[in-house]
Amino acid sequence: MTGDRGDLEECVALYRHAVRLTPEAEQEDLAIRLVNFGSALGALHKATRDPGHRDESIDAHSQALALLPANRPQQRQALLDALAQALQDRYDTTGRLEDLDTVIALRLRAVSNTDPGTTDHGEAALQAADALLDRAVTTGRPHFADQAIAVLRRAVAGRPPDSAERAVLTGLLGSAHDTRYDLTGEAACLDEAVALLRAAVNTPGIGHHNACGLRTKLSSALRTRHSARGDLADLEEAIAVHRDALATGADLDAAHRALHQASLAAGLNQRFGVHGDITDLDRCAELCRQALLVLPERDTNRPVVLVLLGDTHLARFFHTARPEALGPALGAFRRALNAADPKLRATAMSNLARALLARFDHADGTPADLDEAIGLQRHAMHLLPTQREVTGNNLAQSLRSRYEISHDLTDLEEAVALLRTVVRDRPRDDPDRTKPGTALAEGLYSLHLRTGDRDLLTEALTVARDITTVTSAPVRDRLAAHVTWGQVSGVLEDWETAWRALRTATSLLPELATRSLTRSDQQYALARLPGIAAEAAAYALQAGRPQEALEVLEHGRGVLLGRLLRTLDLDLDRLRRQAPALADEFLRLREEETGAPAGPSVPTASTEQAAERRRAHAAAWQRLLGRIRALPGFDGFLRPPPAEEILRQAGDGPVVLLNISIRCDAVIVADGTIDVLPLKVRSGTVAEQVAVFLDATRAASRTGASLEEIWSAQETLSGVLEWLWDTVTGPVLQRLGHTEPPAPGEAPRRIWWCPQGTLAFLPLHAAGYHGPRADPDRPRCALDLAVSSYTPTIGALHHARRRPEPAPSGARPPLVVNIRDTPGAAPLPNAPHEAEAVRTLLPGTIPARLLTGAEATRDRVLEALRSSPYVHLVCHAVTDPHDPSASRILTHDHIERALTVADISTLRPMGNGLAYLSSCSTSGTRPELADEAIHITSAFQLAGYRHVVGTLWPVTDEIAPRIARSFYGRLPHGAAHALHAAVRQAHTEHPLLPSLWGAHLHIGP
C-alpha cells in the first residue's frame, strides 16, 4: 500500500467504468461491482474529505444493497455496516436527521439478522443503540432511549457472565439510562446507570480499551448524579476512577492515557466548581494539555478536551478576575469549533459565547463581543435543542447584558421568557435550577422597573424564595439565591424578610471560604460577593433592629480574620475539664492550620498532596466541632458572638461602624449601647469620592509630575477631606459631643473607626478643613478633636487588647529593617538615616537588631519577626490588586522569594508590642475585599502585634523619616497618641499637602 491518492483516483475511475459496462440484467455482478466502487469512493473520501465522494459512495452502496440477493447474508451484512458507517459520517458532518434515521433502520435490521447470543448480534446491538441514543439526545425524545435500552437488555442477556462483551454491552446500557435521565429527570434512571456501569467496570479481564471507555462513562454518570443531588461522595468516586487508572496503568498506551486524563480533568473541574480550590483547576489544565499533546488533530476527543481546557481558563478568570486568563479560554473554544460532531460544535459555541460575554462584562470588551455571543448561542440552541437549559440560560445572560446598553425591551423580554422555561423544566430540587432561578428573579425585577408591572415583582419574589429551598446546590449558588430573595423583599419594603434572607446569606460566607482552601482561594471566593453584610445590616436597621445589624456587620465582615481570632482567643479550660481528649484534638488541629498562600501555577505532586491534606483537615475540623457542640452547654462553641458579647468586647469605645449600602449609617458602639446615626450621603457618592481621592493620591506621587499637577492633586485631596468631614466624620464627632479640642491637661479623646467597603480607603482621621479654609473659632478637623485608630472588626480590637504588652526589660531585641537599594525598585536615599534614628529610639533595654541591604532577605526577616517585640521596616511594599494575600514587603531577594501577607499572617509570636511599617500603601487591598482587611498592616496585627502603624497610600522618602522620629519621641504616651501627635505636627507644617501627612494610620487598642 503506497498511500498514493493518484492510485485511489485511478481505482475509482476503473470501478466507475466497470459499473457502466455491466448490464443491469446481471444483478449479482452489478451489485458486487457497486460494492467495490462504493468502497473505493469511501477510501477516496477519507483521503480527500471531499463530501461528493462520500455521497457517491452512499448511492453506490444503496444500489448494491437493493441488488444483492438474499442468499449472500454475509456480504449483505458487511454492506449494511459499510452503508450505515457512511451515513453516520455524513450525519456527523451535516446533522441531517434523515441520515440518522436511515442509520437506525439499517442497524436495527442488522440486529434482527443476527442470532442472539453471538458476537455479531452484540456488535450490531451496540451500533444500533449508539444511533438510537444519538437520536434521543438530538431530538429530546426519550422513546428512542427506551428502544436502545430494550435492544441492549436482550443483547446483555445473551452473553455469558463476566465476559468482556457482556461488560461492554452493560456499560452502554448504563449510558442509555444516563441519557434517559437527562431527558426525563427520573432519578431512578441515574441510579440504574451508576449501578450498571459499576458492574461493567468491575468485570475482570476486560482489557485497557474497554476499561477506559467504561470508566469514562461511569465517571460521567457519577458527575451527573453529583450535579443532581450534591453528594460529594459521587464526585470523589468519579475522580478516583481515573486517578486510580492512571496510577496503576503503567502499560496504558498514549491514546487511552489521554482519555483518562481528560475524564479526570472533567472531575477536577467540577470539584473546583464546588470548593473553589485552584489546585484542582491547575491540575485540570495540566491534564488537558498533556492529553492534547498525544491526541491527533482529527481525533474526535480533541474538541472535548479543548472545550474543557477553555472552561478551565474561563473558571480561572471568574475566580481570580485576572483578564489574562480570557485569551487562552477564547482560543481553546475557537479551536474546538472545528469539531465534526454537531453536538460538540454546539457545546464549543455555547462556551465561546460565555467567554465573549465575560470579556464584554468584565474586561473592556466591545458590543461586537456581545453580538457574536448571542449569535453563537442561538446557533448552539438550534444544533442542540435538548440542552436548552444550558444554552437558554447562557443566551438569557447575554440578552440581559445587551439590554443594559441598548435598553431594547425585546432583549429583556426574551431573556425572561428563556429563563422561565429553563426554571420550569428543571425538577424543584435540582441544584442546576438555582443559577437560572436567581437570574430569572433578577430579570423579572429589571422588567418590573421598565414596565411598572407589580405582578412581575411578585413573581420575582416567588421565584427567589423558591430557589432558596434547594439545599443540595453549591454554597455559592445558595448564597446568591438568598441575596436575591432579600433584595427583592427589600424592594417590596418587607424589611423583616429582607434582613433575615441576607442574614442567612451572611452565615454562609464561612462555608464559602472553607478551611479546605488556600488563603488566596478563600479571598477569591469572598471577593465575588462583596457587600452582603452591609446590605443585611441596612435592612435590619430599616426593620428597627440595631442589635441584629451589629451582629451581621461583625459576623459578615472580616470573615477569615474573625474565624482565626476566635480560634486563637478561645479559653479551653472548660472544655478540657469536661472532655480532655476533644480539647487535645482541638489544639492539634489548630496547630495544623497554616493558611498558606496559593501554590505555584503549574501543579506538582506536593501541591496536590497539600490540597488533599487541607480537605482532610477541614473534614476533621467539622467532625470535631460537631462532637464538641453536642456536649451539654457547648452548642455555641466557636460560633460568632451574639450582640451582647460584641457590646462587651467593644468596651468603653466608642467604636464607629460605618455602613454604606442602600442606606448609610454610623453605628456607634460605646459603653454597652448602640446608637445609630443616619448619614446624609448615598453609596454612589461615596464610591465617586473614593475614586477621585485614589486618583489624586496617585497623581500627587507620580514620578515626573509637574508642580502644577501636584498642586492640583493636593487641592482635590483637600476637597474630598472636606466632603468626608461634612458627611461622615463631622456628624459622628458631633453626635459623640467631640466638638471642641481637649482642654490643656485633658486626655485626648479616643475613637476607633471601623469603615465598611471602599470607605476603608479614605483617611477618616484626616477629614476636615485645612489651611486657609480652617476656622479657628469652629473646629472642623478630626485631628483637632480626637485620637483616631482603626479596627477591621470589634473582635479584632478585643483580640489586640487581650494581648500582653512586651516586658520593658525583656530579652528579645527590637528589629529594624533598612533596604535603601531594592532590586527592581527605586532607591530610598533617606532609609539609612531613618533606620539609624529609629534604632536609638525603639523601646527596650537591648539594642535593636539591624538587617540592612542584602542581609534583609525574606527568610532572615521572617525569622527575626518571630522573636522581635518591636519592628520598624524601612523599605518598599507592593499591593497585589488581584490577590491581596500576595501583597508583599520587598526584601532584598523579593524577586525570587517574596515576604507576603500570607507569610506574615501565619506568625504566632506572643508578647509583641509594635510594628511600624514605613512603606508605601501597606493598608491597600482589593476593593471587593475591603471588608476582609487583607493587607500588610492587618497581617502584622494577625501576627500578634498589639499596635501596627501602616499607610493608606505611597509616602515620600522625605516626610516618612520625620514622622517616624516624631512618633518614637512620643511613644511613651502610647502608640495611638504618638502617631496622632506626629501626624498633627506634619499637618501643621504642610496643611495644604494632605498627601504628605494623611496616609499614616494606627490599628490597635
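Which loop does Arg-49 lie in? I looked there first. Arg-49 sits in the loop between helix H2 (27-48) and helix H3 (51-67). I note at the outset that this is a predicted model.

**Entry: backbone angles**

I checked phi at Arg-49. The value is near 60 degrees, which is positive in a residue other than glycine. Most residues other than glycine have a negative phi. I then looked up accessibility. Arg-49 has 39% relative accessibility, so I count Arg-49 as partly exposed.

I went on to Asp-671. Asp-671 is not a glycine either, and its phi is positive at about 55 degrees. I found Asp-671 in the loop between strand E2 (664-670) and strand E3 (673-678). Is Asp-671 buried or exposed? The relative accessible area of Asp-671 is 57%. The cut-off for exposed is over 50%, so Asp-671 is exposed.

Next I turned to a peptide bond. Most peptide bonds are trans. The bond from Gly-653 to Pro-654 is cis, and omega is near 0 degrees. I placed Pro-654 in the loop between H32 and strand E1 (655-660).

**Entry: two helices in contact**

I looked up helix H27 (residues 546-556) and helix H32 (residues 643-650). Their axes come within 9 Å and cross at roughly 75 degrees. Angles of 65 to 115 degrees count as roughly perpendicular, so H27 and H32 are roughly perpendicular to each other.

Which residues make the contact? From H27 I listed Gln-547, Leu-550, Glu-551, Glu-554 and His-555. From H32 I listed Ala-643, Glu-644, Ile-646 and Leu-647. I sorted the residues of this contact by class: four are nonpolar, two polar and three charged.

**Entry: cavities**

I searched the whole structure for cavities. Five have a volume of 30 Å³ or more.

I took the largest cavity first. Its volume is about 280 Å³. Its lining has 20 residues. Nearest the centre I found Pro-755, Ala-760, Ala-930, Ala-933 and His-935. Which elements each supply at least two residues of this lining? They are strand E4 (750-755), helix H40 (936-942) and strand E14 (1000-1003). By class, the lining of the largest cavity holds twelve nonpolar, six polar and two charged residues.

Then I opened the second largest cavity. Its volume is about 100 Å³. I counted 13 lining residues, and the closest to the centre are His-765, Leu-783, Ser-788, Leu-979 and His-980. Two or more lining residues come from each of helix H35 (782-785), strand E5 (787-790), helix H42 (975-989) and E14. H42 gives the largest share, four residues. I found eight nonpolar and five polar residues in the lining of the second largest cavity, and no charged ones.

**Entry: His-894**

I ended with His-894. His-894 lies in the loop between strand E10 (888-889) and strand E11 (899-900). How accessible is His-894? Its relative accessibility is 14%, so His-894 counts as buried. The cut-off for buried is under 20%.

I asked what His-894 touches. I left aside neighbours within four places in sequence. His-894 is in contact with Thr-822, Pro-823 and Ile-889. I also looked up Val-241, 653 residues away from His-894 along the chain. The C-alpha atoms of His-894 and Val-241 are separated by 42 Å.

How values were computed: Residues numbered from 1 in each chain as written. Predicted model: local features only at pLDDT ≥ 70, side-chain atom pairs only at ≥ 80, totals over all residues. Heavy atoms only, no water. 1 Å grid on protein atoms, 1.4 Å probe; cavity = no way out; pocket = protein on both sides within 12 Å on 5 of 7 lines; lining within 4 Å. Points joined across faces, edges and corners; volume = space filled by probe spheres on them. Nonpolar A, V, L, I, M, F, W, Y, C, P; charged D, E, K, R; others polar. Axes fitted to C-alpha atoms, helices over the stretch in contact; angles between N-to-C directions. Parallel < 35°, antiparallel > 145°, perpendicular 65-115°, else oblique. Contact = heavy atoms within 4.5 Å. Buried < 20%, exposed > 50% of the residue type's maximum accessible area, 1.4 Å probe, protein only.
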